[in-house]
Amino acid sequence: MKKIPMLLLLAAPYLFLAVCAAKGLGGAVFLTWALLCALIFLPNIVYAFILPKLGYRGKQLLFWSLLLKLANIPVYALVILIVLLLHIFILPLVWFLILFDYSLLLPSSMYGVSGIVACCRDGNLSKDRAAANIIMQFIFCLDVVSAAYCYVKVRGKYRLQRPPV
């Protein structure tokens, strides 16, 4: 039940692309994007910081951050391909594309930030590495590197910290 918002976040960009493919680039695109932001993206930004209170550990949050970022790579690649193919004709949509890209980046980055803070609090990441990785979470391409680094770094430490039975 706790995973439903994150699973919706995984599917949201592909749902958006399906609507764009079915309806074309008309008014439905902006309405669909606004609905996705209001119903899926914004609630997930808040949910990322609620999950630690519901028992999620930093490792789990970093896993979801990495998974979300990797799942969004094909969408970013498609946007880049469309821009390259349409070149000058895409200029009127540049602001929308920037908003669209950051609306995908922010929710997954919030899972990363929440996981990094939780890991820093647990002593699995130093404060300077945590600060650097939090900054990287908001920069395209570096966010994926940061998510992978943090998850791999923390994954091993959580294995070693299992409480005795």
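Q: Why does Ser65 count as buried?
A: Its relative accessibility is 0%. Buried means under 20% relative accessible area, exposed means over 50%, and partly exposed lies in between (1.4 Å probe, protein chains only). Since 0% is under 20%, Ser65 counts as buried. The model is predicted: local features need pLDDT of at least 70, side-chain atom pairs count only at pLDDT 80 or more, and totals for chains, interfaces and linings use all residues. Residues are numbered from 1 along each chain as its sequence is written, and side-chain values use heavy atoms, with hydrogens and water left out.

Q: Which residues does Ser65 touch, not counting residues up to four places away in sequence?
A: Ser65 touches Ser108, Tyr111, Gly112, Gln137 and Ala147. Contact here means heavy atoms within 4.5 Å. Ser65 itself sits in helix H3.

Q: What makes Ile82 partly exposed?
A: The relative accessible area of Ile82 is 35%. That value falls between 20% and 50%, so Ile82 is partly exposed. Ile82 also belongs to helix H3. Leaving out residues up to four places away in sequence, Ile82 touches His87 and Ile90.

Q: Why is Leu86 called partly exposed?
A: Leu86 has a relative accessible area of 36%. Again the value lies between the limits of 20% and 50%, so the label is partly exposed. Leu86 is placed in helix H3, which covers residues 58-86.

Q: Which residues form a nonpolar patch on the surface?
A: The patch consists of Leu78, Leu81, Ile82, Leu85, Leu86, Ile88, Phe89 and Leu91. Together they have about 790 Å² of accessible area. Patch members have over 30% relative accessible area and no salt bridge; nonpolar side chains (Val, Leu, Ile, Met, Phe, Trp, Tyr) are joined within 5 Å, like charges within 9 Å. A salt bridge is a Lys or Arg side-chain nitrogen within 4 Å of an Asp or Glu carboxyl oxygen. Ile82 at 35% is over 30%, so its accessibility meets that limit.

Q: What share of the residues of the protein count as buried?
A: Of its 165 residues, 38% count as buried. The protein exposes about 9400 Å², with 76% supplied by carbon and sulfur atoms.

How values were computed. Accessible areas come from the Shrake-Rupley method with a 1.4 Å probe; for residues, only the protein chains shown count as cover. Helices (H or I, at least four residues) and strands (E, at least two) are DSSP runs, numbered from the N terminus.
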